[in-house]
Amino acid sequence: MRNGLFLLAALAVGAVVFFLARSVGNEYVFVAGYVVLQYLVLATAWNILGGYTGYVNFGTPAFFALGAYCTAAITKLATLPLPALMAAGGVVSGVIGLGMGYLTLRLRGVFFSIATLALAVVVKTLITNWSYVGGSKGTYIVRPMTVPLLGSYSQYLFLLMLLLAVVAVTIARSIERSRLGYGFAAIRDDETAAEASGVPTLKLKLIATTLSGALMGMAGAPYLYYGAYLNPESAFTLDYAVNSIAMPLIGGTTTWIGPVIGTALLSGVQQWASVSRIFENYPQVNVLLVGVVLVLFVVAAPNGIVGLVQAWRRKGPA
Amino acid sequence: MSVPLLAVEDVGKRFGGFVALDAINLEVARGERVGLIGPNGSGKSTLVNCLCGTLRNESGSVRFDGAQMDGLPAHERTRLGMARSFQLPRPFRSLTVAENIRIPLLYTVNAREGRHLTPAEIEERSLELLGLVGLGGKAGGEPRDLSQVEMRKLELARAMAADPKLLIADEAMAGLSHSEVDDILALLHRLNERGITIILIEHIMRAVMSFSERLVVLVAGRKIADGLPDEVIRNPEVERAYLGE
């Protein structure tokens, strides 16, 4: 399928999702759905670097929060429409992604991962001590109750995140079948052999960190408007790092569909758990749940659900 | 004498206190078939890595096809026409056999000036190359389904896909049977007839002696002999290195 055709199909799926959500007639669907879509963008963005090139990034919270705080900083000066704020968040996180890549991509494997973890700590410390955006107290806005045409503001946020998810998944898929995607796969499999085959590995890795960071920043940009309140604790939570790794791993990291499946399953279960309030008194159970599922997959199905399906197909139906 | 294709001048490489290469000088003419031999640990692979940009040499310089190579990353050297196969096969394991060949076609051949291959031509060319090394039937398979011999053939096919001027075959025949060695030798001869310069690094003396027009011997990071194969192996210093005093 050509990329344009895929984009149209993805938009159609997005439209169906949106009208299904509207047909439920309960605003909470948009509030919960926003979180699922936000994770879909984060998981897809993580996978462009982590799944396609094999560089495991623990710094998702940094890129997400930079997007969120970019919005906070701009909003202190002027009121801009959300799409513009998302673009700004994407630029800031993309530039940080490029810089981080340039400084750290000479490190391989686990050393790169440790450096990204350090980035998250450094950015959090800086933000916590930056009083202009509220420091450790956090910052808040009074968000509009309604928007023209759609009605509720939650629907507007949901729609924006839905569009971003469509764009992110389309980008991920178009990379997969492209020259860039083959270069990424070569890097993932063997960087020395990739160089010997003419692949400019550093340049390609920088493209991946920039693109991945930018999408994460865009996902974070509306966060202040979603919660109406933003502080370092909520913007830099461990959940983003863990979920954005777990979702692609559970789904399968080598294809665009992997993060989609993983997000639908994991984020779906998380939302169900919080709605059904079974872990009401133990909010950390959410992260525990993810951890246990992740360990199970890493041990039993390292190529995720997509890998299981592929293996089953290769062997043929028993 | 015309300008050599490859000119290595005083190249030195250390790993900590260990001198892996000690001021190596070497020239290879266009179209030549050069054998490079030496005991294990004598620096053959290190020299290849310095030529190809996988390692950086600390001293000396490498010139290839009229251009200075020092400081150039490996992928640019490949694009300029220097291709290698690895001693231990390093296939792209998550790609199919045909896709392994596609990488250098996309990133080396199509990165050069001039006409670029279309997707259909890339497909055709990768199958042609696989056919040439006898892997035509395995194109859709994965590297893990290949035997050791087939892996080595894939290494060679991937290096050839880069359409090189110089092919460095680093122990492409280790562990192969008599007839398989002959297969690879015939293949290398065919490439050489098309004008590709070849450096063959090999322990199998029968293969090196029949293939090489010139033989270079490294021992403990130093070049101790360079000349006609028959003369080089009678060189007392070479005998001493291989057989002891």
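Q: A residue is buried if 20 or more other C-beta atoms (placed from the backbone) lie within 10 Å of its own, exposed if 12 or fewer, and partly exposed in between. What percentage of the 245 residues in chain B is buried?
A: This is a predicted model, where local features need pLDDT of at least 70, side-chain atom pairs count only at pLDDT 80 or more, and totals for chains, interfaces and linings use all residues. Residues are numbered from 1 along each chain as its sequence is written, while chains are lettered from A and ligands numbered from 1 in the order in which they are written. Of the 245 residues in chain B, the buried ones make up 44%.

Q: What radius of gyration does chain B have, next to that of a compact globule?
A: The C-alpha atoms of chain B fill a box of roughly 55 × 40 × 40 Å along the principal axes. The radius of gyration is taken over C-alpha atoms, and the globule rule is 2.2 Å times the number of residues to the power 0.38. For 245 residues that rule gives a value near 18 Å, and chain B agrees with it because its own value is 18 Å.

Q: How many helices and strands are there in chain B?
A: Helices (H or I, at least four residues) and strands (E, at least two) are DSSP runs, numbered from the N terminus. Chain B has 9 helices and 10 strands.

Q: In which sense do β3(B) and β9(B) pair?
A: Let's compare two pairings that share β9(B). Strand β9 (residues 214–219) of chain B joins β10 (residues 222–227) over 5 bridges in the antiparallel sense, with B:Val217 opposite B:Ala225. On the other pairing, B:Val34 stands opposite B:Arg214 in β9(B). Here β3 (residues 33–37) and β9(B) have 4 bridges, and the sense is parallel.

Q: Which residue in the hairpin of β9(B) and β10(B) takes a positive phi?
A: This hairpin has 2 residues between the strands. The phi in question is near 50 degrees, and the residue is B:Ala220.

Q: How many residues of α9(B) are buried?
A: Axes are lines fitted to C-alpha atoms (for helices, over the stretch in contact), and angles run from 0 to 180 degrees between N-to-C directions. B:Gly244, with a positive phi near 85 degrees, follows this helix. α9(B) is hardly covered, as the buried count among its 8 residues is 0.

Q: Which helix gives the most to the side of chain A that touches chain B?
A: Two residues are in contact if their C-beta atoms, placed from the backbone, lie within 7 Å. The contact takes 17 residues from chain A and 24 from chain B. In chain A, α7 (179–189) and α8 (191–196) each supply at least two residues of that side. The top contributor, with 7 residues, is α7(A).

Q: How are α7(A) and α9(A) placed relative to each other?
A: Their axes come within 10 Å and cross at roughly 110 degrees. Among the residues making this contact are A:Phe184 of α7(A) and A:Leu204 of α9(A). Angles under 35 degrees count as roughly parallel, over 145 as roughly antiparallel, 65 to 115 as roughly perpendicular and the rest as oblique. The two helices are therefore roughly perpendicular.

Q: How many charged residues does the contact of α2(A) with α12(A) have?
A: Helices α2 (residues 28–50) and α12 (residues 238–251) of chain A pack at about 70 degrees, with axes 8 Å apart. A:Trp46 in α2(A) and A:Met247 in α12(A) are among the residues that meet. Ala, Val, Leu, Ile, Met, Phe, Trp, Tyr, Cys and Pro count as nonpolar, Asp, Glu, Lys and Arg as charged, and the others, Gly among them, as polar. The contact has 8 nonpolar and 4 polar residues, while the number of charged ones is none.

Key
Pairing = 2+ DSSP bridges.
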